[in-house]
Amino acid sequence: QAEATASTSYSYWGSTFRAFFKNKLAVALLAALAAVVVFYFLVQGVRYLTNPYATTRVYTSTTEDAVEASGWLVREEETFRTDAETLSPTREEGEKVGQGQVIAATYDSPGALEAVAQIQAKRLQLEQLEYALSSYLNPDAALKLDGSITESLLNIRRSLSGGDYDDAADQTAQLKAAIVKRSRAYTSSQEIKAEITAVQDEIDSLQAGLTGAANITAPRAGTYSAVCDGYESVLTPAGLGDLTPGALDKLAAGENNANVGKLIYGNTWYYAAAVTQEEAQRIAGCGSVSLRLTKGITDDIAATVHSVSPAEDGRCVVVLACREYLAETTQLRHQTAQIVLHSYTGLRLPSICLRQSESGTLGVYCAQGGLPQFKPVNMVYQGDDYVLVSVPVGIDDRSILRPGDEVLMTGVTLDGTQILTGD
């Protein structure tokens with residue numbers, strides 16, 4: 001019994017010692033880890049307090065000088081109307097039309113619209129079959145069609161990301177047609193020819209059933225649009241000289257009874273907007289600007305200053321003339337936009353980084369090898385608290401300021417230089 005008691009006591013104290021030793025080891029490890037963390041932050045703090053220089057990295061940036069505007073698109077337009085009960089437009093939105101060409105057709109036969117829709121569908125099918133036949137005879141045509149499908153996919157993505165859903169719908173229709181054409185690339189030529197004959201017979205039969213057809217033709221060459229909003233007679237190029245800020249504020253649409261659509265004449269359209277007198281002077285001083293619409297067009301549009309009205313209550317009407325993207329803006333009327341006067345690109349850094357040497361050379365100091373090195377720059381643009389600079393021509397390679405360089409932005413005066421901005 002004594003031996004059993006001694007064995008139990010030995011086991012108890014052995015377990016207690018091992019547990020105590022393990023706890024001591026864990027505590028020691030935790031203490032060592034905490035000491036390492038504290039030492040790291042102490043070193044960083046000492047470095048921060050003893051380093052007299054604060055730095056920033058240089059990067060390439062673009063800044064624009066632009067004016068926000070809310071204005072109206074002005075075009076020379078003519079609307080068309082017919083009293084016929086059955087009307088079928090023959091032109092797409094934004095399509096060019098020559099003088100005397102048909103822009104719409106009217107019919108007096110019942111079910112004419114349905115027949116016209118079937119004819120259009122059959123003609124599209126006929127076009128696909130004819131292309132499939134050419135692809136069968138010419139292997140290169142299939143490769144070109146593959147490229148067209150890829151381009152359509154990219155255009156759809158671009159239109160959707162830019163919010164132009166009408167263009168995305170048009171691109172989707174073209175993509176479907178291209179896929180159908182490609183799917184027939186391996187059909188035998190005899191089968192394709194037989195289908196072409198059958199579809200052409202169906203088109204002839206449908207056309208024979210249309211009676212009382214009459215055409216509406218274009219009196220002048222122009223661009224077709226199916227959308228009429230009533231401003232065609234209110235906003236005209238001839239009336240641009242009479243526009244005032246007050247008139248634009250009270251602008252209202254006129255009577256709109258057109259059901260055929262309209263033709264836009266000429267290649268020039270205008271953007272008229274009321275801005276402050278100071279902004280109008282800045283725009284007029286540029287002569288040429290870039291117009292960036294918020295809808296419809298994702299690209300900047302080159303524009304020239306057409307006219308600036310006399311001031312009215314501190315505001316003026318600025319009219320810009322544009323000769324691009326007429327077909328893409330046929331459905332736009334009232335638009336907010338940015339009028340970009342200038343665009344500046346350079347190396348961006350805080351204004352406090354600028355220094356001027358005793359010789360008058362403008363530059364910055366870069367941290368290289370633990371010592372500040374002076375690098376000359378030219379001023380490109382001065383912002384509120386930053387600048388865009390460029391590198392002078394013909395300087396030593398080691399003195400060229402590059403993107404990614406660390407530039408000193410401390411307020412401490414360095415030997416041989418004086419601080420231009422900051423404390």
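Colleague: Hi! Is Tyr381 buried, exposed or partly exposed?

Modeller: Tyr381 is partly exposed, with a relative accessible area of 23%. Buried means under 20% relative accessible area, exposed over 50%, and partly exposed in between, using a 1.4 Å probe and protein chains only. Before we go on, this is a predicted model, where local features need pLDDT of at least 70, side-chain atom pairs count only at pLDDT 80 or more, and totals for chains, interfaces and linings use all residues. Residues are numbered from 1 along each chain as its sequence is written, and side-chain values use heavy atoms, with hydrogens and water left out.

Colleague: Thanks! And how many aromatic pairs are there?

Modeller: The count comes to 4 aromatic pairs. Rings of Phe, Tyr and Trp (its six-membered ring) pair if their centres lie within 6.5 Å; planes under 30 degrees apart count as stacked, over 60 as edge-to-face and the rest as tilted. Trp72 and Tyr231 form a tilted pair, 5.0 Å centre to centre with 45 degrees between the planes.

Colleague: Where do Trp72 and Tyr231 sit in the chain?

Modeller: They are 159 residues apart, so the pair links distant parts of the chain: Trp72 is in strand E2, and Tyr231 is in the loop between strand E7 (222-225) and helix H6 (245-249). Helices (H or I, at least four residues) and strands (E, at least two) are DSSP runs, numbered from the N terminus. Both Trp72 and Tyr231 are buried.

Colleague: Why is the pair of Tyr381 and Tyr386 called tilted?

Modeller: Their ring centres are 6.3 Å apart and their planes are at 45 degrees, so the pair is tilted. Tyr386 is buried, with a relative accessible area of 13%. Ring pairs also link Tyr344, Tyr381 and Tyr386 into a cluster.

Colleague: New topic: which strands does E5 pair with?

Modeller: Strand E3 (residues 86-89) joins E5 through 4 bridges, running antiparallel, and 4 bridges join E5 to strand E6 (residues 214-217), also antiparallel. Two strands pair if DSSP finds at least two bridges between them. Thr86 has Tyr107 of E5 as its bridge partner, while Thr106 has Ala214 of E6.

Colleague: How many residues of E5 are buried?

Modeller: In strand E5 (residues 102-107), 5 of the 6 residues are buried, which leaves the strand mostly covered.

Colleague: What lines the second largest pocket?

Modeller: Its lining includes Ser88, Tyr107, Ile119 and Arg123. H2 gives the most to that lining, with 4 residues. The volume of this pocket is about 300 Å³.

Colleague: What counts as a pocket?

Modeller: On a 1 Å grid over the protein atoms alone, a pocket is an open set of points with protein on both sides within 12 Å along at least five of seven lines, and lining residues have an atom within 4 Å of a point. Grid points are joined across faces, edges and corners, and the volume is the space filled by probe spheres set on the points.

Colleague: Last one: how many residues are in the largest nonpolar core?

Modeller: That core has 25 residues, and those with the most contacts inside it include Trp269, Tyr271 and Leu320. E8 gives the most to this core, with 5 residues. A nonpolar core is a set of buried Ala, Val, Leu, Ile, Met, Phe, Trp, Tyr and Cys residues joined through side-chain atoms within 4.5 Å.

Terms used. On a 1 Å grid over the protein atoms alone, a cavity is a set of points where a 1.4 Å probe fits but cannot get out, and a pocket is an open set with protein on both sides within 12 Å along at least five of seven lines; lining residues have an atom within 4 Å of a point.
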